[in-house]
Amino acid sequence: MTIDCDVCVVGAGIAGASVAALLAADRKVVLVEQEPHPGYHTTGRSVAIFTEAVAGAQVTPLTLASRAFFESPPQDFADRPLIRRRAVLTFGREDQRATLEAQFAALSPDHGRRWLAAEEIRTLAPILRPEQAEVGLLDPGGFDIDVDLSHQAWLRVLRRAGGDLLIASPVQAIERAGERWRVRAGDRDVAATVIVDAAGAWGDEVARLAGVAPLGLEPRRRTVAVMAADGYAVDAWPMCVEAEHSIYFKPDAGRLLVSAMDQTPSPPCDAWADDMDVAEALDRFETVTSLPIRKPLRTWAGLRTFAPDGEPVAGFDPDQPGFFWLVGQGGAGIQTSPALARSAASLVLGRPLPADLVGHDVSAQALSPARLR
Ligand SMILES: Cc1cc2nc3c(=O)[nH]c(=O)nc-3n(C[C@H](O)[C@H](O)[C@H](O)COP(=O)(O)OP(=O)(O)OC[C@H]3O[C@@H](n4cnc5c(N)ncnc54)[C@H](O)[C@@H]3O)c2cc1C
């Protein structure tokens with residue numbers, strides 16, 4: 001049986017789900033996912049922070065342009081708030097003050113960040129060792145994102161608009177038939193005018209199936225260990241990030257998510273937490289905090305996928321009309337998803353980017369895969 005549609009989106013993580021939902025208002029959309037559970041890969045493995053303290057030619061504008069959506073989503077999008085306040089504290093030794101200053105000078109705009117005195121750092125995050133946290137910069141405007149709630153909400157919008165989600169349907173073959181694509185997904189065929197490649201770590205592989213030259217995407221593994229908080233009431237603590245990005249920890253449901261911010265290149269796969277990476281994270285955690293180190297309650301790893309220039313990609317392939325890339329979200333694919341999905345949906349429909357996104361300096365040219373050819 002062949003399912004006919006206008007747009008076939010490959011990959012039902014946050015990127016594919018959000019763009020499919022928006023496109024379904026104007027086009028017949030089929031969203032195809034290889035796993036039985038959408039969100040099984042990177043989307044379900046993030047640490048779910050939104051912070052404007054990120055640097056990137058398009059990552060920053062997309063982040064700033066996404067804030068309003070998280071704060072005030074459309075009324076029928078979700079039945080509870082998508083976010084909860086979570087400040088982000090970047091800390092270091094006195095001799096790292098210049099590093100901190102340089103990092104934050106590169107960020108725009110001034111999002112209310114401020115220097116903290118040592119005593120204030122101790123009050124906000126009492127486990128930080130005083131000699132490791134002599135100076136700190138606080139971004140008070142961050143928040144935790146309820147990723148599952150957002151992801152499920154996008155899938156609901158898709159269904160309400162008449163779009164289809166095919167799960168457990170790996171795309172194994174893609175053929176060009178005249179002006180249309182024929183996509184073999186599990187035991188079904190999907191015929192479409194446009195393919196949106198939102199396959200995360202598999203982005204280049206899906207392109208190859210369609211005869212499209214890869215972009216040189218690089219999936220990089222990042223590991224997280226969940227640690228007991230040893231009696232501390234951690235819920236109001238900020239996320240704490242070491243000045244040179246050697247370690248971070250973030251409160252989560254009364255526990256702490258700890259990562260050595262590793263980024264080990266990996267082929268696309270079902271990533272797992274390597275024992276050595278976990279050991280490294282615990283060692284660094286012990287260096288900066290006084291929390292007694294015990295066995296983690298749980299560990300996981302996920303793949304953050306980067307284009308060669310580290311910026312997200314959204315646009316039609318310059319050599320293959322009908323093949324649209326939506327990849328390379330790296331470590332900010334959740335917090336940029338509302339603005340990136342709106343950008344991608346406009347570009348798929350051949351429309352200009354919405355004015356509010358342009359006002360934030362989101363640029364079709366800067367997102368285009370043509371910049372990488
Ligand atoms: C440890 C960690 C911490 C992170 N923390 C944050 C954070 O705090 N804030 C933030 O904004 N971002 C964070 N990120 C990054 C964020 O999670 C990603 O940028 C985002 O989830 C990418 O979404 P995606 O939809 O592109 O990828 P995915 O969620 O991986 O979705 C791609 C989908 O494509 C499917 N697929 C692939 N090939 C095929 C095929 N042939 N056929 C059918 N389906 C296919 C896959 O099964 C997968 O479901 C973090 C990531 C990690 C790993």
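**Notebook: chain, domains, ligand shell, strands**

I counted the secondary structure of the protein chain and got 10 helices and 22 strands. I note at the start that this is a predicted model.

**Entry 1. Overall dimensions**

I looked up the extent of the C-alpha trace: along its principal axes the protein chain spans about 65 × 40 × 40 Å. I then checked the radius of gyration. A compact globule of 373 residues would have a value near 21 Å, and the protein chain has 21 Å, so the two agree. Buried residues make up 49% of the 373 residues. I also looked at contacts with a separation of 6 or more; residues 24 or more positions apart account for 74% of them.

**Entry 2. Domains**

I wrote down the division of the chain. Domain 1 takes in 2–64, 146–216 and 309–372, and domain 2 takes in 88–140 and 218–306. Their centres, taken over C-alpha atoms, are separated by 30 Å. The contact takes 21 residues from domain 1 and 20 residues from domain 2. On the side of domain 1 that touches domain 2, I sorted the residues by class and got 7 nonpolar, 11 polar and 3 charged.

**Entry 3. The ligand**

The ligand is surrounded by 40 residues, and the closest are Gly 11, Gly 13, Gly 200, Gly 302 and Gly 333. By class, I have 20 nonpolar, 15 polar and 5 charged residues in this shell.

Next I asked which elements supply the shell. At least two residues each come from α1 (14–23), β15 (218–228) and β20 (298–306). Helix α1 gives the most, with 3 residues.

I followed β16 (residues 239–242) side chain by side chain. In a regular strand the side chains alternate between the two faces of the sheet. Here Met 239 and Val 241 point one way, Cys 240 and Glu 242 point the other way, and all are buried.

I then looked for the partners of β16. Strand β6 (residues 88–92) pairs with β16 in the parallel sense over 4 bridges, and Leu 89 stands opposite Cys 240. Strand β17 (residues 248–252) pairs with β16 in the antiparallel sense over 2 bridges. In β17, Phe 249 is the bridge partner of Cys 240. The hairpin of β16 and β17 has 5 residues between the strands, and in its turn His 245 has a positive phi of about 60°.

**Entry 4. Hairpin of β11 and β12**

Strands β11 (residues 171–177) and β12 (residues 180–185) pair in the antiparallel sense over 6 bridges. One bridge I noted sets Arg 176 against Trp 181 in β12. With 2 residues between the strands, this hairpin has Gly 178 at a positive phi near 65°.

**Entry 5. The sheet β4-β9-β5**

I traced an open sheet of 3 strands in the order β4-β9-β5, with antiparallel pairing. Its edge strands are β4 (49–50) and β5 (83–85), each pairing on one side only. Between β4 and β9 (residues 143–145) I count 2 bridges, and the strands run antiparallel. Phe 50 stands opposite Phe 143 in β9.

**Entry 6. Positive phi outside glycine**

I looked up two residues here. Ala 168 has a phi near 50°, a positive value in a residue other than glycine. Ala 168 sits in the loop between β10 (164–166) and β11. Is Ala 168 buried or exposed? I find 12 other C-beta atoms within 10 Å, so Ala 168 is exposed.

Met 261 is not a glycine either, and its phi is positive at about 55°. Met 261 lies in the loop between β18 (255–259) and β19 (264–265). With 16 other C-beta atoms within 10 Å, Met 261 is partly exposed.

**Entry 7. Ala 98**

I found Ala 98 in helix α3 (residues 97–105). Ala 98 counts as exposed because 11 C-beta neighbours lie inside 10 Å. I also took one distance from Ala 98, C-alpha to C-alpha: Ala 228 is 33 Å away in space and 130 residues away in sequence.

Notes:
Residues numbered from 1 in each chain as written. Predicted model: local features only at pLDDT ≥ 70, side-chain atom pairs only at ≥ 80, totals over all residues. Near = placed C-beta within 6 Å. Nonpolar A, V, L, I, M, F, W, Y, C, P; charged D, E, K, R; others polar. Domains from an automatic or database assignment. Contact = placed C-beta atoms within 7 Å. Pairing = 2+ DSSP bridges. Rg over C-alpha atoms; globule rule 2.2 N^0.38 Å. Buried ≥ 20, exposed ≤ 12 C-beta atoms within 10 Å, placed from the backbone.
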